[in-house]
Amino acid sequence: MDWIGRMRMRVGTEEMARFESFAAGVSWLGARRRIYVLQTQSEILVGTRFLWESQLTVQFWEGGSVNVQAHSP
C-alpha cells in the first residue's frame, strides 16, 4: 500500500472530512483493481464507486451475510 496524502471526501452526513489516503491493489470479482483506501476512526466503509456494476446484498444483523456479485446484463 502506498501513502498518497490527505484527501477531502464527502461523508454520509454530507459534511466534508479529511482522511489519510493510500493506494492499494485488490483482487475484486476476478479482476485486479487499484483502489483508494482511507484511514478512518470508525467501522470499515466501502465507497459506492468501488461497488459500481455490482449487486450488493446485506443482512443487517449480527452474523448476517454480505454478498457481492458482478452485474451481468
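**Close-up views of loops and hairpins in a predicted model**

Phe60 is found in the loop between β4 (54-58) and β5 (66-70). The views below are taken from a predicted model.

**View 1. Phe60 and a nonpolar surface patch.** The relative accessibility of Phe60 is 76%, so this residue counts as exposed, the cut-off for that class being over 50%. Together with Leu56, Val58 and Val66, Phe60 forms a nonpolar patch on the surface. The accessible area of these residues together is about 430 Å².

**View 2. The hairpin of β1 and β2, with Glu14 in the turn.** β1 (2-10) and β2 (16-28) are the strands on either side of the loop that holds Glu14. Their pairing is antiparallel and extends over eight bridges; Met9 has Ala17 in β2 as its bridge partner. Five residues lie between the two strands of the hairpin. Glu14 is not a glycine, yet its phi is positive, at about 75°. Because its relative accessibility is 55%, Glu14 counts as exposed.

**View 3. The hairpin of β2 and β3, with Leu29 between the strands.** β2 and β3 run antiparallel and are joined by nine bridges. Ser27 is paired with Arg32, its bridge partner in β3.

Conventions. Residues numbered from 1 in each chain as written. Predicted model: local features only at pLDDT ≥ 70, side-chain atom pairs only at ≥ 80, totals over all residues. Heavy atoms only, no water. Helix = DSSP H or I, 4+ residues; strand = E, 2+ residues; numbered from the N terminus. Buried < 20%, exposed > 50% of the residue type's maximum accessible area, 1.4 Å probe, protein only. Patch = residues over 30% accessible without salt bridge, like charges linked within 9 Å, V, L, I, M, F, W, Y side chains within 5 Å. Areas by Shrake-Rupley, 256 points an atom, 1.4 Å probe, with all protein chains shown as cover. Salt bridge = Lys/Arg side-chain N within 4 Å of Asp/Glu carboxyl O. Pairing = 2+ DSSP bridges.
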